[in-house]
Structures are given as structure tokens and as C-alpha cells.
Amino acid sequence: MKFIADRMLGKLAKELRMLGYDTVYYQGENAYPLIKLAREEGRVILTRNTKLIPKRPEDSIIRITEDKPPLQLRELIQKKVVSLNDKNLFTRCLLCNILLDEISLEEAEGKVPDYIFHQQKTFSRCPQCQRIYWQGSHQDHMQKKVEELWKNIKSQTPNHK
Ligand SMILES: [Zn+2]
């Protein structure tokens with residue numbers, strides 16, 4: 001499933017990318033280009049705008065009711081729109097929404113801090129912004145966030161105990 005998030009949902013868009021979901025962040029104010037892009041690329045619209053309603057059968061719009069980003073992601077998981085899949089975590093650039101390429105150690109050498117280079121075994125790079133990712137502290141932090149979120153959801157839905 002692919003998404004397009006409206007301008008109110010920038011943090012949610014990043015969190016969805018973190019989970020591996022192809023998510024465009026639309027920062028414009030007008031709804032029409034948003035809907036047009038969603039139709040062209042087959043994306044589900046995520047919005048806080050209560051006035052945005054589907055006009056054609058192919059329009060798919062999910063209204064986010066929660067105010068805070070962590071609760072918004074939880075809302076999508078509870079609605080069974082997205083799920084957590086370890087395999088897809090951190091496969092996409094959080095800034096560019098592009099799938100990362102795995103790169104060799106030689107390619108990473110000199111481009112990341114020395115201590116990181118010696119700690120890590122695998123590196124990946126965004127083909128667009130060239131940012132290099134690794135399973136470092138930043139990602140551990142994100143991973144923890146995801147796990148906490150998951151725990152929260154499970155403890156609130158008795159069926160999943
Ligand atoms: Zn990038």
C-alpha cells in the first residue's frame with residue numbers, strides 16, 4: 001500500500017517511511033493536486049482535513065483523528081491499514097522516500113565516522129541524497145520506539161494477548 005500524507009502529517013509520513021511504506025509528503029495547501037497525484041500514483045490519502053471527501057470510486061481517503069504523531073501511527077495500525085514488519089524497517093530514506101541501496105564497506109569507508117565504520121557490518125545509501133544509513137544509535141532509538149508502540153497496541157487489545 002502506498003500513501004500520500006497531507007501537510008498536517010509530516011511526522012507521520014516519516015514514521016511510515018521508517019516502517020518501509022512508500023509515502024509522499026504533500027506540503028501544498030490545495031486539495032486538488034493532492035487528489036490528482038493520489039489518483040495518478042494509486043496512493044491512499046492520509047489527511048486531517050474533514051472536508052476532503054472521495055469524489056470518484058478510486059479515491060481512497062483515510063481521515064486521521066488523532067492529534068499527536070505517535071498516536072496517529074498507532075491509529076493506522078489499529079485500523080489495520082499498516083503493520084509492523086521487521087523485514088521492511090529502515091529500507092527507505094526518511095527524507096527522500098526512496099529505497100536504500102546496500103553498499104560495500106569500501107564505499108562507506110571515509111564517509112561515516114571511523115568508530116561507526118569499525119562497529120558496523122552493513123551500510124546502505126540513499127541513491128538520491130547520498131545519505132548513508134546503518135544500524136546505529138539513531139536506528140536503535142527508532143527501533144525502540146516501534147517496539148514500545150507495538151507493546152502499547154497489544155496491551156490495549158485483549159484479543160492479541
Ligand atoms: Zn535520501
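Mentor: Helices are DSSP runs of H or I with at least four residues, strands are runs of E with at least two, and both are numbered from the N terminus. In this predicted model, the elements run β-α-β-α-β-β-α-β-α-α-β-β-α from the N terminus on.

Trainee: How many helices and strands does the chain have?

Mentor: The chain has 6 helices and 7 strands.

Trainee: Which parts of the chain does the pair Cys 96 and Cys 126 tie together?

Mentor: Cys 96 is in the loop between α3 (69–78) and β5 (101–103), and Cys 126 is in the loop between β6 (123–125) and β7 (132–134), so the pair ties together parts that are 30 residues apart in sequence.

Trainee: Why does Cys 126 count as buried?

Mentor: Buried means under 20% relative accessible area. Cys 126 has 0% relative accessibility, so Cys 126 counts as buried. Of the 161 residues in the chain, 40% are buried.

Trainee: What makes the pair Arg 125 and Glu 107 a polar contact?

Mentor: The cut-off for a pair of N or O atoms is 3.5 Å, with one able to donate a hydrogen and the other to accept it. The side chains of Arg 125 and Glu 107 make their polar contact at 3.1 Å. Arg 125 is found in strand β6, and among the residues Arg 125 touches are Leu 100, Ile 103 and Gln 130.

Trainee: What makes a set of residues a nonpolar core?

Mentor: Its members are buried nonpolar residues of the listed kinds, joined through side-chain atoms within 4.5 Å. The largest such core has 27 residues, and those with the most contacts inside it include Phe 3, Leu 46 and Val 82. β1 (3–5), α1 (10–18), β3 (44–47), α3 and α6 (137–156) each supply at least two residues of this core, and α1 gives the most, with 4 residues. A second, separate core has 9 residues, including Val 24 and Ile 45.

Terms used. Residues are numbered from 1 along each chain as its sequence is written. This is a predicted model: local features need pLDDT of at least 70, side-chain atom pairs count only at pLDDT 80 or more; totals for chains, interfaces and linings use all residues. Side-chain values use heavy atoms; hydrogens and water are left out. Buried means under 20% relative accessible area, exposed over 50%, partly exposed in between (1.4 Å probe, protein chains only). Contact means heavy atoms within 4.5 Å. Lists of a residue's contacts leave out its neighbours within four places in sequence.
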